[in-house]
Amino acid sequence: MSDSPARDPAGVVVEVDYRLTLVELCRASAAREDEVRAWIDEGALVPDEIVAGEWRFAASTLRRARTAARLAHDFEIDAPAVALVLGLMDEIERLKARLG
């Protein structure tokens, strides 16, 4: 993995190797902790590791959490629907990659 920073679509520079705590992920994505926990329960977000009993998230998870928050807030959908939409978005990206 590269040590160089990555640019998030919102223009925020995020260190690629940095791990976010649950609280940091919530703050950075404008999501409530209960929402993030529900998205984790549904498999929409996946912690990268557990350190001292706390979840840690890869910096790349921030983009997905922000998308989940936008979906949940803008369309007023619940955690299972967020997970479904994110899964469909992932599938679209995989199909686009296959097409070249």
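Axes are lines fitted to C-alpha atoms, for helices over the stretch in contact, with angles running from 0 to 180 degrees between N-to-C directions. The views below come from a predicted model, where local features need pLDDT of at least 70, side-chain atom pairs count only at pLDDT 80 or more, and totals for chains, interfaces and linings use all residues. Residues are numbered from 1 along each chain as its sequence is written, and side-chain values use heavy atoms, with hydrogens and water left out.

**View 1. Helices α1 and α2 cross.**
The axes of α1 and helix α2 (residues 33-41) come within 9 Å and cross at roughly 105 degrees, so α1 and α2 are roughly perpendicular to each other. Look for L22, L25 and C26 in α1, which meet E33, V36 and R37 in α2; contact means heavy atoms within 4.5 Å. By class, this contact has 4 nonpolar, no polar and 2 charged residues. Here Ala, Val, Leu, Ile, Met, Phe, Trp, Tyr, Cys and Pro count as nonpolar, Asp, Glu, Lys and Arg as charged, and the others, Gly among them, as polar.

**View 2. Helix α1 packs on α3.**
Helix α1 (residues 22-29) and α3 pack at about 55 degrees, with their axes 9 Å apart, which makes α1 oblique to α3. From α1 come L25, A28 and S29, and from α3 come T61, L62, A65, R66 and A69. Sorted by class, the contact of α1 with α3 has 5 nonpolar, 2 polar and 1 charged residues.

**View 3. Two threonines of helix α3.**
T61 lies in helix α3, and T67 lies in this helix too, which spans residues 61-75. T61 is buried, with a relative accessible area of 11%, and T67 is buried at 14%; buried means under 20% relative accessible area, exposed over 50%, and partly exposed in between (1.4 Å probe, protein chains only). Leaving aside neighbours within four places in sequence, T61 is in contact with L25, L45 and V46. With residues up to four places away again not counted, T67 touches L86 and M89. The C-alpha atoms of T61 and S29 are separated by 9.8 Å, although these residues are 32 apart along the chain.

**View 4. Two loop residues with positive phi.**
Most residues other than glycine have a negative phi. A52, not a glycine, has a positive phi of about 50 degrees and lies in the loop between β4 (49-51) and β5 (54-58). E76, not a glycine either, has a positive phi of about 55 degrees and sits in the loop between α3 and α4 (79-99). A52 is exposed, with a relative accessible area of 83%, and E76 counts as exposed at 71%.

**View 5. The chain behind the close-ups.**
The chain has 4 helices and 5 strands; helices (H or I, at least four residues) and strands (E, at least two) are DSSP runs, numbered from the N terminus. Buried residues make up 32% of the 100 residues in the chain.

Conventions
Angles under 35 degrees count as roughly parallel, over 145 as roughly antiparallel, 65 to 115 as roughly perpendicular and the rest as oblique.
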